[in-house]
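Morning, everyone. One model today, and a short tour of it. Please have a look.

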Amino acid sequence: MATPNYGYEKRQKELAKKKKKEEKLKHKADRKVGDGPEEGAPDENDATEPTEPGADTPQP
């Protein structure tokens, strides 16, 4: 019967942990970069705000 290679198992565990941490940091950075308005949320420059009547018509 073969003996367990604890050093190999530990290294694999450490690599998996490191990979997971890097992915988490990448997702966090992506969220920080895309910190603009979320999908479905109106933009600040959206034209749905009420305006005064006749403000859109040019004056002669």
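What percentage of the 60 residues of the protein count as buried? The answer is 0%, with buried meaning under 20% relative accessible area, exposed over 50%, and partly exposed in between (1.4 Å probe, protein chains only).

Some housekeeping. This is a predicted model: local features need pLDDT of at least 70, side-chain atom pairs count only at pLDDT 80 or more, and totals for chains, interfaces and linings use all residues. Residues are numbered from 1 along each chain as its sequence is written, and side-chain values use heavy atoms, with hydrogens and water left out.

Now the fold. Helices (H or I, at least four residues) and strands (E, at least two) are DSSP runs, numbered from the N terminus. Helix 1 has 28 residues. From first C-alpha to last, helix 1 reaches 41 Å, close to the expected 40 Å; that expectation is 1.5 Å times one less than the number of residues.

Last, one residue. R31 sits in helix 1, residues 6-33. Is R31 buried or exposed? Exposed, because its relative accessible area is 58%.
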